[in-house]
Amino acid sequence: CAHIPAGALVEYCPARAVPAWQGGQDFLWALGAFPLQGSGQVGDSDQEVVLPWGWGMLYGEAGRIGTSSNLTWWIEEEQDTDSSEVDEDPSRGRPCRLILAVASRGIQPGEELVLERNWPPAATLAASTGSLDIVHA
């Protein structure tokens with residue numbers, strides 16, 4: 001692995017912005033969810049989290065590891081949604097993209113990629129505010 005310069009794009013992940021209960025602690029993927037800032041207060045029924053597809057859920061959480069973040073992230077709204085694919089069920093969320101880039105300093109070969117998901121300090125997203133039906137085909 002080579003040095004990754006500051007500002008370089010690391011990953012561009014398809015994702016879904018879904019109701020916050022789907023990122024609740026009762027779900028295996030909860031540690032990989034990203035809180036959407038400005039989408040309501042923790043516990044509000046309109047708060048959302050972003051669940052990325054691909055490697056986006058696997059990056060270490062700087063606060064949990066006890067180190068500083070070397071990645072920055074942001075969400076881009078999906079602009080070209082085909083109207084035939086629009087789902088009226090709010091529990092399925094909406095498509096978006098998680099963008100991950102190198103923060104203000106470069107990353108050295110062998111250095112772990114870590115980020116700060118920016119969860120509010122008192123974030124306790126309980127799955128009790130909704131339910132998720134899993135259908136086995």
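The largest nonpolar core of this predicted model contains 15 residues, of which Phe34, Val50, Leu71, Leu98, Leu100 and Leu115 touch the most other members. A nonpolar core is here a set of buried Ala, Val, Leu, Ile, Met, Phe, Trp, Tyr and Cys residues joined through side-chain atoms within 4.5 Å. At least two residues of this core come from each of β1, β5 and β6 (94-102), and β6 gives the most, with 4 residues. Apart from this core lies another, of 5 residues, including Val18, Ala20, Ala33 and Val49. In soluble globular proteins, nonpolar side chains tend to be buried together.

Leucine 71, a member of the largest core, is in contact (heavy atoms within 4.5 Å) with Val10, Tyr59, Ala101, Val102, Ala103, Ile107, Leu113, Val114 and Leu115, when residues up to four places away in sequence are not counted.

The protein has 1 helix and 7 strands, arranged along the sequence as β-β-β-β-α-β-β-β. Helices (H or I, at least four residues) and strands (E, at least two) are DSSP runs, numbered from the N terminus. Residues are numbered from 1 along each chain as its sequence is written. In this predicted model, local features need pLDDT of at least 70 and side-chain atom pairs count only at pLDDT 80 or more, while totals for chains, interfaces and linings use all residues; side-chain values use heavy atoms, with hydrogens and water left out.

Of the 137 residues in the protein, 35% are buried. Buried means under 20% relative accessible area, exposed over 50%, and partly exposed in between (1.4 Å probe, protein chains only). Among contacts with a separation of 6 or more, 80% are between residues 24 or more positions apart.

Asparagine 70 is located in the loop between α1 (62-65) and β5 (71-77). This residue counts as buried because its relative accessible area is 1%. Beyond its neighbours within four places in sequence, asparagine 70 is in contact with Ala101, Val102, Ala103, Arg105, Ile107, Glu111, Glu112, Leu113 and Val114. Its side chain makes a polar contact with the side chain of glutamate 111 at 3.2 Å. A polar contact is a pair of N or O atoms within 3.5 Å; within protein, one must be able to donate a hydrogen and the other to accept it, and residues adjacent in sequence count only if both atoms are side-chain atoms.

The side chain of glutamate 111 also makes a polar contact with that of arginine 105, at 2.6 Å. Arginine 105 is in the loop between β6 and β7 (114-115) and is partly exposed, at 38% relative accessibility. Not counting residues up to four places away in sequence, arginine 105 touches Ala6, Asn70 and Glu111. Arginine 105 and alanine 6 are 99 residues apart in sequence, with a C-alpha to C-alpha distance of 4.8 Å.

Glutamine 22, in the loop between β1 (9-19) and β2 (34-35), is buried at 7% relative accessibility. With neighbours within four places in sequence left aside, glutamine 22 is in contact with Phe27, Trp29, Leu51 and Ser91.

Cysteine 13 is buried at 1% relative accessibility, and cysteine 96 is buried at 2%. With a disulfide defined as a pair of cysteine sulfur atoms within 2.5 Å, the count comes to 0 disulfides.
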